[in-house]
Amino acid sequence: MRVGHTYTAHLHLETRQHELLGMDLGEGVPRRALVMGLALYIAWAGPLLLLFGFPSKITFTFYFLPPLLTVVYGTQKSRAVDRRWNVTRWSIGARYLVLGHRPIICGGRRAATRSEWISRRARWSGRTEFLLESPLGGPLERWLGAEEAVPAGAGAPVRLTARPRLYGPDAVARAYGRKALKHQEGKTS
């Protein structure tokens, strides 16, 4: 199997904000992280301000810390896919767990039937054992669906018993038959 390498990772250039509202930010903050942080603070603190009002000394941490931690750890490069941020991997993983994805069958030539989709219970397997034994077990069990309710797949697996064989040039010529010999004679004449 061939393995490809990307040698352009060191060419990743990011724009930085060196000054904000007259304040010097030193070496600068990456602009994409700054924009994401601003959007997260608005999305997080806006509803909290509407529901609970301005924060007190005690609740300020609850208003301030979750978006900050999400931006700090979310904008770091992922260890699994170095061209993605962690927040991208988190959102793709959460989307898969909640919504799933449509399987691609025959390179997209045919749409997958609903029975060929991965069930919610199968997607969440390994992550819910602790929660199923908790008081949330009943509602979670209804949300995941019963194990018997999982529809059957497209069919039984196809077992392949392929055996590789090595053929020499004489066997290949015999397999082609007289066409191959006549074609070779036509080229030499």
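This is a predicted model: local features need pLDDT of at least 70, side-chain atom pairs count only at pLDDT 80 or more; totals for chains, interfaces and linings use all residues.
Residues are numbered from 1 along each chain as its sequence is written, and side-chain values use heavy atoms, with hydrogens and water left out.

**Exercise 1.** Find the salt bridge and describe its partners.

*Solution.* Start with the general idea: side chains of opposite charge can pair when their charged atoms come close. The criterion here is a side-chain nitrogen of Lys or Arg within 4 Å of a carboxyl oxygen of Asp or Glu. The structure holds 1 salt bridge. Its partners are Glu14 and Arg16, with the closest N and O atoms 2.9 Å apart. Next, check accessibility, where buried means under 20% relative accessible area, exposed over 50%, and partly exposed in between (1.4 Å probe, protein chains only). Glu14 is partly exposed at 38%, and Arg16 is partly exposed at 34%.

**Exercise 2.** Is Leu21 buried or exposed?

*Solution.* First locate Leu21: it lies in the loop between strand 1 (16-20) and strand 2 (23-30). Strands (E, at least two residues) and helices (H or I, at least four) are DSSP runs, numbered from the N terminus. Then apply the accessibility cut-offs: Leu21 counts as exposed because its relative accessible area is 83%. Now look at the backbone too: Leu21 has a positive phi of about 55 degrees, although it is not a glycine.

**Exercise 3.** Describe the surroundings of Asn86.

*Solution.* Asn86 belongs to helix 3 (residues 86-99). With 14% relative accessibility, Asn86 is buried. Leaving out residues up to four places away in sequence, Asn86 touches Tyr73, Gly74, Gln76, Lys77, Ser78 and Arg79; a contact means heavy atoms within 4.5 Å. One of these neighbours, Tyr73, lies in helix 2 and is partly exposed at 47%.

**Exercise 4.** Which aromatic residues do ring pairs link into a cluster?

*Solution.* Rings of Phe, Tyr and Trp (its six-membered ring) pair if their centres lie within 6.5 Å; planes under 30 degrees apart count as stacked, over 60 as edge-to-face and the rest as tilted. Searching the whole structure gives 3 aromatic pairs. Ring pairs join Tyr41, Phe60 and Phe64 into a cluster.
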